[in-house]
Amino acid sequence: MRRSIERTMELVRKEFRQLFRDRRMIAFMFGAPVLQLLLLGYAVSTDVRDTPMMVVDRDRTSVSRALIDAFSSSGRFVIVNGSNVNRALDRGDASVAMEIPAGFTRDLERGDASVQLLFDGTNSNQATVAKSYAERIAMSFGVARAGLTVRPPINLQSRAWFNPSLESRNYNVPGVTGVIVYFICLVLTAMAVVREREIGTLEQLMVSPLQPAELIAGKSIPVAIIGLFDVAIVSLLAVFYFGIPFRGSIVHLFAASLIYLLSGIGLGLLISTISKTQQEAFMATILVFMPSLLLSGFMFPIRSMPRFFQIVTLVNPVRHYMKIVRAIFLKGVGPSALWPEHVALLLIGSVVFVFAVSRFEKRLR
């Protein structure tokens, strides 16, 4: 047993030396996660800001200008010049168009005013969010101008828990952790084994005293350590650079990440058994990674997917880790509230890892 541990640790040291000898690999392991977090943190957002809006003011009164100012001062819309609404929407010069009819001020004083809002529905998500903002601004302006003092029969007070500012970045950035760590583990594990096969050192390892289990452990442990280190880097950037609230337990985050790494490392080993070159391994990694990303709920809500694909997502480890990491960051919940996701991650990771190990051992023999 002692000799087995010593051989395994020696292989782990060899793997770390091999990884840190290549500067490009160092940049990939530690630079790429930072770059991806910065890009995705800024680019992936469902918030609507500075949406180009064309206004046709047929009333031309101080009240109609005040309504236009209410939209421009909200920070959600930017007023652009133009007179042809159809042309502006067709050419993409404006995403929203508002037409204020003649007599708007008079109708507002009577409590029966209306304006027309047109939205470019090419980007349905942007149109939906912009429509919500525009309706809220118009209704608030109407209530304020009409001087309503009668209390409504129902006093509705809404409050957003966990993400009071409703910033999409607070929701998206923690999810980036799962995307980055999963991709890093897939690539590192698959490439490490295939590289050994390409340069001919895998055969040397096979005839050495190393047992298959020791070889697998020696290849997996460094990737797991690097994966956890990347989790730490991304989490620190999320909290201290993007200002994402962290309300949960660090121990819980790393424990869930360790279970999550089983799937990434297992799939990486599985890819290494069907790839002969590093190019094949990288292409296979992309083929596995992209469906996992699309079916994780990171980019598209799972509930909006067809029923068949909703069922398929249940075997996707990225989906379960996304829910865990977002709940840890924003809600601060513990394992007792997330035990179904932990069990799912453990089952998926164990099955994938055991299957990959069995195939890997057969290839070694």
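Modeller: This is a predicted model. The axes of helix 9 (residues 212–240) and helix 10 (residues 250–274) come within 9 Å and cross at roughly 135 degrees.

Biologist: Why are helix 9 and helix 10 called oblique to each other?

Modeller: Roughly antiparallel needs an angle over 145 degrees, and roughly perpendicular covers 65 to 115. The angle here is roughly 135 degrees, so helix 9 and helix 10 are oblique to each other. Helix 9 passes helix 10 in a right-handed crossing.

Biologist: Which residues of helix 9 and helix 10 meet?

Modeller: On helix 9 they include Ile216, Val223, Gly227 and Ser235, and on helix 10 they include Leu253, Phe254, Ser257 and Leu269. The contact of helix 9 with helix 10 has 12 nonpolar residues, four polar and no charged.

Biologist: What makes helix 7 and helix 9 roughly antiparallel?

Modeller: Their axes cross at roughly 155 degrees and come within 9 Å. Angles over 145 degrees count as roughly antiparallel, and helix 7 and helix 9 therefore get that label. Their crossing is right-handed.

Biologist: Which residues of helix 7 and helix 9 meet?

Modeller: Among them are Val173, Ile184, Leu188 and Glu196 in helix 7, with Lys219, Val223, Asp230 and Ala238 in helix 9. By class, this contact has 13 nonpolar, three polar and three charged residues.

Biologist: How many cavities of 30 Å³ or more are there, and what lines the largest cavity?

Modeller: The count is one cavity of 30 Å³ or more, and the largest cavity has a volume of about 30 Å³. Its lining consists of Glu15, Leu19, Leu188, Ala192, Lys219, Pro222 and Val223.

Biologist: How does the lining of the largest cavity divide by class?

Modeller: It has five nonpolar residues, no polar and two charged. Glu and Lys count as charged; Glu15 and Lys219 are both in the lining.

Biologist: What is the volume of the largest pocket, and which residues lie nearest its centre?

Modeller: The volume of the largest pocket is about 1100 Å³. Of its 32 lining residues, Tyr171, Gly297, Phe298, Pro301 and Arg326 lie nearest the centre. Helix 7 (168–199) and helix 13 (317–331) are the elements that give two or more residues to this lining. Helix 13 gives the largest share, eight residues. By class, the lining of the largest pocket has 17 nonpolar, eight polar and seven charged residues.

Terms used. Residues numbered from 1 in each chain as written. Predicted model: local features only at pLDDT ≥ 70, side-chain atom pairs only at ≥ 80, totals over all residues. Heavy atoms only, no water. Axes fitted to C-alpha atoms, helices over the stretch in contact; angles between N-to-C directions. Helix = DSSP H or I, 4+ residues; strand = E, 2+ residues; numbered from the N terminus. Parallel < 35°, antiparallel > 145°, perpendicular 65-115°, else oblique. Left-handed = near helix turned anticlockwise from the far one by under 90°. Contact = heavy atoms within 4.5 Å. 1 Å grid on protein atoms, 1.4 Å probe; cavity = no way out; pocket = protein on both sides within 12 Å on 5 of 7 lines; lining within 4 Å. Points joined across faces, edges and corners; volume = space filled by probe spheres on them.
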